[in-house]
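Subject: Structure handover

Hello,

Here is the structure I promised to pass on. Please open it alongside this message; my notes follow below.

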Amino acid sequence: NNMVKIMNSSLGCKTKSHHGMTKAERQMNADNKLRGFVTGKNVDIFMIAIALAWYHVGQAHAQSEDGAPQDNSEQEGEILSSTAVLFPWFIEIMGVFVYYFLSRYVPALPYTACMFLVGLLIGYSVQRVAGNAVTESTTLWLGIEGEVILLVFLPGLVYLDSYNIDVHMFQQAFWQVSLFAFPMVLAGMTLTALVAYYIFPYGWSFDLSMTFGSILSATDPVAVAVLLSELGAPSRLQMHISGESLMNDGSAIVFYNIFSARFLFELGINGVGEDIGWGKGFAMFFRLAFGAVAIGLAFGIGVVFVLYHLNRSLSGEDNVVQVVLTISAAYLAFFTSEILSGCSGVIAVLTCGVTIKSFGETLINDLKLAVNFWEITEHLLNSLLFALAGVVWGDILSNNRYTDTFESAFEGKDWGYMIVLYLFLMIIRFALIFGFYPVTKRIGIGTNVRESLFSSWAGLRGAVGIALALSINSDVVHLTSSGAVDESTRAKYLDYTEKLFGFVGGIAFLTLVINATLSGPILKRLGLVTPSDTREKIVKNYRDHVVAYTLGQYVRLLSEERFHLLDFSVIKKHVPFLSNITYEQLMNEVHKYKKNTPVHEFVEPNLENIIPYLYEFDQPVAVKNKNVEVENISPERRRVLKDVRRQSVVNIHKDRKEKAVVFNLSEHSDVNVVYEERIVFINILRSTYHKLIEHGEIVSRGFMPYSLFKSLDVASDAASRGFSLNDWDALMAVTKGWVHPAARKVQNILYNIMRMMSRHPGVNYDSDYLVMIVQITQALAFVKTHEDAQKFFMEEFSSSEEENLTTAERKVLEESAAQIEKAKDMLKSLDFDDVLMIKSRYACQILLNRSARYFEKLNKRGLVSDKEAGEFLDEVENYINSTLEPHENTQYSRMSSGAKVNRLRSLPEYMLTDLEGKIFHTRSGNETLQGESEGASEGQFAESYLSSSGDHPASHVDSSLLEPLL
């Protein structure tokens, strides 16, 4: 801009264009537009980020001259061991972003496969990027010993799988699963070894080929098992898949221990490996297997014994200690069996888990806590293991760090052999399943051809195989690095194990991406899920139940004073379950509500804003858009609304400035009299807020719950010093001091991001509206909480009759009533239309949250599958998000006042009788939250009734029937 001004003044550029602007002015205008676009779209920040990343890459290349790899062997000694802590938690953070992306955009892609790719990218760049904390930590993890890998990952991964098994089905299918686990694993291992020995051109020994075959014989159908549960596949098929995976993990590791010892013996290092003959091999097999069973059984029985004595079910600490006991037993059983006894650690953990499941499940005080903990553990370990596998794979593909070259250990032909291996593994899997089919269909729980076809396809490779491949590769790296063998032997065996791991990692990735992704369509194609039309009818029936439940909750909201006036056009827009309800359905829920509510608690719901939408002249109708007006807000109206909102917010801030402090020192009372009563009442308020969160009336996250609970902290602190209850002013101080500014900034950032990604960038946005949403919803929740707390306080902590209240009890209740009046006064100070709209949207959120919780109950009771419940909850989540947009951006099919009057005038006599006391009863003394302003805007129907002529079809109705309604 300065350069343009200088040029303009020095050159005397005054020539006007045909638009009346000089060239300099046009240039300045274009420059301002460009500057506004860049800053408005955050393009400047994005470009700075790209520049910094590019600078970092450039520095990395500058530090590695001529593309030579950095000498990590020298740097490795300088790396602090504490740096190793960074890598696993960096991977877990990356896993959070990967999960978010997959769950929102590519749900069909397996999570573990993507974590493998993340690790691959990290591993590929370790030797190429300049040293930093992440690469140094990754380098330390690349050198982890194989035994440590097994000790860290396998117990946590295997225990949850064994604990989740259906013990009853497992007992029935035991002989089938045993056939899958031992003879089939031995046959599959041998056939895979023959492929590696005779087809691969790498010169592998037979023992290494058998080690390779044992690693690939361990299946890991975690993704498929989840899919089977979601789609409602037969329980028999689920047992075959999960049971086979459990058992063949144990047998595969037994065979791995035997043949890996024989392979390591080939290194010729004294004390490494063992030359195991056939007789000794069979003896070792039985020792590894049955010895591990005995150890696992001992640990399982011990855990059950301790669980029995940790019997304080009401003690939260006992519950936590029980969970600690299970994880300690799993890792100790593995260590005792694998390291101390020379048996199979996996089989020991499997036996321990099944024993605890069979005899100790009913002794666990908090089963949900235990299962959730193990699910978290499994997620953490799976994320880290697959990422570590990807790191090693990427490191192998990128260079050979042991020969100081950037030549990949994998060449073009190796990729071809990987595809050949994948095809052979699929052929072997199909041949084994159908080779044993004549036996498996006659024993245990049986099987059929379709289930066998799917079992053949579902032979995924995953966590256990990757852990074993990492272990053997790491063992060779450490054993040959001490100078015990010459360099040529070291390079040869490192090349063997790196290629072995490369094939195992590639097969695991291919089966996850191909087999797991296509399992769903194949399962449906084979007809192994519930017939779609039958299941759709069942789900539709449950959705009808949700409609009835949501309508019942809506009737209950209409009986509350704060929700007497709700705009039904807003309700039916944001709660589609109620978009097609009928008059009969509504009245049925009203009668049901009256029948199930005690007489002294029953309040007639106000139906004045819903009946006109359900009745047209002489017949009840479902909710439709006939005779309604679509609300289109003009730009002028938008500007007026913004001015009104801005002034409302300014007034509230002004009121706050006039108050010097939240708690007035002049109101200091005798602490000894009312201190305990106030603390008790504040605790009741806190528990009531939690109850409203559980019932879906208050969101469990965000600024609103923070401000509500923070206000109680301030109020509790003030009450402990003898001040009166004044949590409303505390709430306003917290909200306007921190929540509102933070909410504005966060919402502005999110809004700018959404506008850049949206197809409709012209969506209207008003930050004052966001502030009003927080204020109004806070006030509504605040009033509800105090009213419920007063009721509970009088019922449980004070005398049963109001006239018998003590002075302290009466004072606390009066202070609470004063807080309610402050909240109502704040609502009166805001624009009535905004209050009505936000209140209606708030009611929509409550209804949607309650319907979601109802569907979750159906899922927990097994009436709907996880997939069906997930689809419904996703719909509800989208509906809730739609209520957060400024209402000027949403078109509502609103009915005009005249149309409402015409509808209500046409009511027949039987409906007038049904609706007696349910319309306009709020005008007869029940003061709403907005008081007279609501009466002025909504209470004009009575006058319309009284002044109506006799031309209407319903004009013959007896006026005595109309009087109670008016």
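Four helices each give at least two residues to the lining of the second largest pocket: α24 (532–558), α29 (671–694), α32 (767–796) and α34 (832–860). Helices here are DSSP runs (H or I, at least four residues), numbered from the N terminus. α32 supplies the largest share of that lining, with seven residues. The model is predicted, so local features need pLDDT of at least 70, side-chain atom pairs count only at pLDDT 80 or more, and totals for chains, interfaces and linings use all residues. Residues are numbered from 1 along each chain as its sequence is written, and side-chain values use heavy atoms, leaving out hydrogens and water.

The second largest pocket has a volume of about 1400 Å³. Its lining counts 35 residues, and the closest to the centre are Glu 560, Glu 601, Lys 784, Asp 788 and Lys 791. By class, the lining of this pocket has 17 charged, nine polar and nine nonpolar residues. (Asp, Glu, Lys and Arg count as charged; Ala, Val, Leu, Ile, Met, Phe, Trp, Tyr, Cys and Pro as nonpolar; the others, Gly among them, as polar.)

A pocket is an open set of points on a 1 Å grid over the protein atoms alone, with protein on both sides within 12 Å along at least five of seven lines; a cavity is a set where a 1.4 Å probe fits but cannot get out; lining residues have an atom within 4 Å of a point. A volume is the space filled by probe spheres set on the points, which are joined across faces, edges and corners.

Now the cavities. The whole structure has eight of 30 Å³ or more. The largest cavity holds about 170 Å³. Of its 15 lining residues, Gly 188, Ser 217, Arg 429, Leu 432 and Arg 461 are the closest to the centre. α11, α14 (235–265) and α19 (412–435) each supply at least two residues of this lining.

Next, helix packing. The axes of α11 (residues 183–198) and α12 (residues 206–216) come within 7 Å and cross at roughly 130°. That makes α11 oblique to α12 (under 35 degrees is roughly parallel, over 145 roughly antiparallel, 65 to 115 roughly perpendicular, the rest oblique). Axes are lines fitted to C-alpha atoms, for helices over the stretch in contact, and angles run from 0 to 180 degrees between N-to-C directions.

α14 and α15 (residues 278–309) pack at about 140°, with their axes 10 Å apart.

Best wishes
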